[in-house]
Amino acid sequence: MEMFSEEFLQETISILDSLDRMSIESVARGISEVRDRSGRLFVLGVGGSAAHASHAVNDFRKLCGIEAYAPTDNVSELTARTNDDGWDSTFIEWLRVSRLNSKDAILVFSVGGGDRDRAVSVNLVRALEFGVDQNAAIFGIVGRTGGFTQQVSNACVTIPPKFEERVTPHTEGICAVVWHLLVSHPLLARNQAKWESVR
């Protein structure tokens, strides 16, 4: 019987080989243009993707010199809005208070990208609708085709859902690879990480 670790890693390699490199380049170019126009980058994610959002905000700020924020980093505001107004409005109201505008961008990390009809990640859908209304740029790293993020984005990396029984772990794992690629991309990187700068 094949070891599960071998199976999982071979699946990961297969998905990485299938990634559309041009979509990654398009996201990198789009985010660099946001920085060039002194815009801000708002990174949205739920669950494991919220943890990615927090880490990515750190790297976009520290390594790329981009003013970046994740609404899930403020647990007090997030829980107050959820308690008082409901989960679906959490991100849109946070973006409204942040005065999201046409210089800014939203970057979504999500397995499905949001789907109002299926009532999945509706808070992402509402935030993206607001982003479209404000003429903000929209970018995504998602794990399924057809989600709302993919429908409205300026550029979106879709992690092919090749292994249906493990779409979530593969999407979230490879999402981290892709956004680490982005913060290392020559179009975006301005500073080295600590261990690369120590000789």
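The following legends describe close-up views of a predicted model.

Local features are reported where pLDDT is at least 70 and side-chain atom pairs only at pLDDT 80 or more, whereas totals for chains, interfaces and linings use all residues. Residues are numbered from 1 along each chain as its sequence is written, and side-chain values use heavy atoms, with hydrogens and water left out.

**View A. Aromatic cluster around Phe 42.** Ring pairs link Phe 42, Tyr 69 and Trp 94 into a cluster. A pair of aromatic rings is described by the distance of the centres and the angle of the planes. Rings of Phe, Tyr and Trp (its six-membered ring) pair if their centres lie within 6.5 Å; planes under 30 degrees apart count as stacked, over 60 as edge-to-face and the rest as tilted. The count by this rule is four aromatic pairs. Phe 42 and Tyr 69 are stacked, with 5.9 Å centre to centre and 25 degrees between the planes. Because Phe 42 lies in strand β1 and Tyr 69 in strand β2 (residues 68–69), this pair ties together parts that are 27 residues apart in sequence. Helices (H or I, at least four residues) and strands (E, at least two) are DSSP runs, numbered from the N terminus. Phe 42 is buried at a relative accessible area of 1%, while Tyr 69 is partly exposed at 29%. Buried denotes under 20% relative accessible area, exposed over 50% and partly exposed the range in between (1.4 Å probe, protein chains only). Phe 42 and Trp 94 form an edge-to-face pair, with 5.6 Å centre to centre and 80 degrees between the planes. Trp 94 lies in helix α5 and Phe 42 in strand β1, so this pair ties together parts that are 52 residues apart in sequence. Both Phe 42 and Trp 94 are buried.

**View B. Arginine charges over aromatic rings.** A charge sits over a ring if NZ of Lys or CZ of Arg is within 6 Å of the ring centre and within 35 degrees of the ring normal. The charged end of Arg 61 sits over the ring of Tyr 69, at 5.3 Å from its centre. Arg 96 lies over the face of Phe 130, 4.9 Å from the ring centre.

View C. Glu 93 forms a salt bridge with Arg 96, the closest N and O atoms being 3.2 Å apart. These two residues both lie in helix α5, three residues apart, about one turn of the helix. Glu 93 is partly exposed at 22% relative accessibility, as is Arg 96 at 40%. In a further salt bridge, the closest N and O atoms of Arg 144 and Glu 164 are 3.2 Å apart. Arg 144 lies in the loop between β4 and α7 and Glu 164 in the loop between β5 (155–158) and α8 (167–184), so the pair ties together parts that are 20 residues apart in sequence.

**View D. Salt-bridge network at Glu 165 and Arg 166.** Glu 7, Glu 11, Glu 165 and Arg 166 are linked in a network of salt bridges. Between Glu 165 and Arg 166, the closest N and O atoms are 3.4 Å apart. Glu 165 is exposed, with a relative accessible area of 55%, whereas Arg 166 is buried at 14%.

**View E. Helix α6 and its covering elements.** The twelve residues of helix α6 (residues 122–133) should span 16 Å at 1.5 Å a residue, which agrees with the 17 Å between its end C-alpha atoms; the expected span is 1.5 Å times one less than the number of residues. Among its buried residues are Val 122, Leu 124, Leu 128 and Phe 130. The elements covering the buried residues include β1 (41–44), α5 (90–97), β3 (105–110), β4 (137–142) and α7 (148–152). Just after α6, Asn 135 takes a positive phi of about 60 degrees.

View F. Ile 106 is placed in strand β3 and counts as buried at 0% relative accessibility. Contact means heavy atoms within 4.5 Å. Leaving aside neighbours within four places in sequence, the contacts of Ile 106 include Phe 42, Leu 44, Ala 127 and Ile 138. Ile 106 and Leu 44 are 62 residues apart in sequence and 7.2 Å apart in space, C-alpha to C-alpha.

Notes. A salt bridge is a side-chain nitrogen of Lys or Arg within 4 Å of a carboxyl oxygen of Asp or Glu.
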